[in-house]
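Subject: Two-chain model, handover and findings

Hello,

Here is the structure I promised you. Please open it next to this email; my notes follow it.

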Amino acid sequence: MSLGPHAAFIIAAYAAAAAIVAALVLWVMLDRRALMRTLAALEAQGFARRSGREERS
Amino acid sequence: MTLIDLANPSRFRALAERALPWLVAATVLAFAVGVEQAYFAPDDYQQGATVKIMFIHVPAAWLGIFAWMLMSVAGIGTLVWRHPLADVAAKAAAPIGAAFTLMCLITGSLWGRPMWGTYWVWDARLTSVLVLFLMYLGVLALWRTIEEPARAARVVAVLTLVGAINIPIIKFSVDWWNTLHQGASLLRLGGPTIDPTILVPLLAMLIAFTLLFLTLHLAAMRNEIMRRRVRTMLMMQADATAGP
């Protein structure tokens, strides 16, 4: 497949889209990891929300 | 399970945990099909291979607009019913909508340079999409500025509903004003004007990107529910530390 004389623009557009999608996926994953860590630390200290206790029982 | 059961954040989180693996699999599969279709799509007789930029530019534009419409519906849920899940849905959608609007602007510029001879022109379509991106930044800043989530949600809901006036402006800007940007060729009375050999890959990529949005939004909503739980527990910890 030849992308013709404007190949650089096509590749740059797809690269930018891929970078933005990757950033979104990373943001969601890292945010979850950080929240899980904080939640675990708080629960280890004996703090729990009512709904949290209900979920575990 | 009834719809009202899903309105409970804890139940919603449990449902999201079960649905996310399926959504991820569907998204990956849809992208495999969409990218394959885009790769083998023929060149346009006028635009050549640059038509391939359309396969990412149009879905990005659609999701930038869709996210704002979703935030507007959630904003009504916040203002009328004061439902916490509506707040969560709106907050989770904002950064994703901003990212897709940015993607639309970048890919549009990179398409415009070889086809129009310029990266940017202040025509009504491009400017109204830039305004949408700036409004997303405003919403994101507001969420960060107001600490109490329920109050932040109400302020953001008002801004979102006022900003929703920009959505029909974006859609009809190419009809109301003379623009360098082309007129509607997909969502128009009389049906699409795109040849099926290019329309099919475009629809495949639209489905793939929409599934990606739904996956990211559900995952971000799950995170936001967890963030509110952490916030409550931190406040309990602060109370316990402060003592009687």
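Chain A has 2 helices and 0 strands. Chain B has 8 helices and 0 strands. Its pattern along the sequence reads α-α-α-α-α-α-α-α.

This is a predicted model: local features need pLDDT of at least 70, side-chain atom pairs count only at pLDDT 80 or more, and totals for chains, interfaces and linings use all residues. Residues are numbered from 1 along each chain as its sequence is written, while chains are lettered from A and ligands numbered from 1 in the order in which they are written.

Confidence in chain A

pLDDT is the predictor's confidence in each residue, from 0 to 100. Chain A averages 85, and 82% of its residues score at least 70. Watch residues 53–57 of chain A: pLDDT stays under 50 there, and the model has 2 contacts for them beyond four places in sequence. A contact means two C-beta atoms, placed from the backbone, within 7 Å. Where pLDDT is low, the predicted coordinates should not be read in detail.

Where the chains meet

The contact between the chains takes 27 residues from chain A and 31 residues from chain B. On the chain A side, α1 (7–44) and α2 (50–56) are the elements that give two or more residues. The largest share, 17 residues, comes from α1(A). By type, this side of chain A divides into 17 nonpolar, 6 polar and 4 charged residues. Nonpolar covers Ala, Val, Leu, Ile, Met, Phe, Trp, Tyr, Cys and Pro; charged covers Asp, Glu, Lys and Arg; the others, Gly among them, are polar.

Burial and the core

Buried residues make up 14% of the 57 residues in chain A. In chain B, 39% of the 244 residues count as buried. The cut-offs: buried at 20 or more other C-beta atoms within 10 Å of a residue's own, exposed at 12 or fewer, partly exposed in between, with C-beta atoms placed from the backbone.

The largest nonpolar core has 68 residues, and B:Ala89, B:Ala90, B:Ala93 and B:Ile96 touch the most other members. α4(B) gives the most, with 18 residues. Such a core is a set of buried Ala, Val, Leu, Ile, Met, Phe, Trp, Tyr and Cys residues joined through C-beta atoms within 7 Å.

B:Ala98 lies in helix α4 of chain B. Why does B:Ala98 count as buried? Because 21 other C-beta atoms lie within 10 Å of B:Ala98. Beyond its sequence neighbours within four places, B:Ala98 contacts B:Phe133, B:Tyr136, B:Leu137 and B:Leu140.

Helix α5 of chain B runs over residues 124–145. Its 22 residues should span 32 Å at 1.5 Å a residue, and the end C-alpha atoms are 31 Å apart, which agrees. The expected span is 1.5 Å times one less than the number of residues. The buried residues of α5(B) include B:Leu132, B:Met135 and B:Tyr136. Among the elements that cover them are α3 (54–81), α4 (84–116), α6 (149–163) and α7 (166–176) of chain B.

Best wishes

Definitions and conventions: Helices (H or I, at least four residues) and strands (E, at least two) are DSSP runs, numbered from the N terminus.
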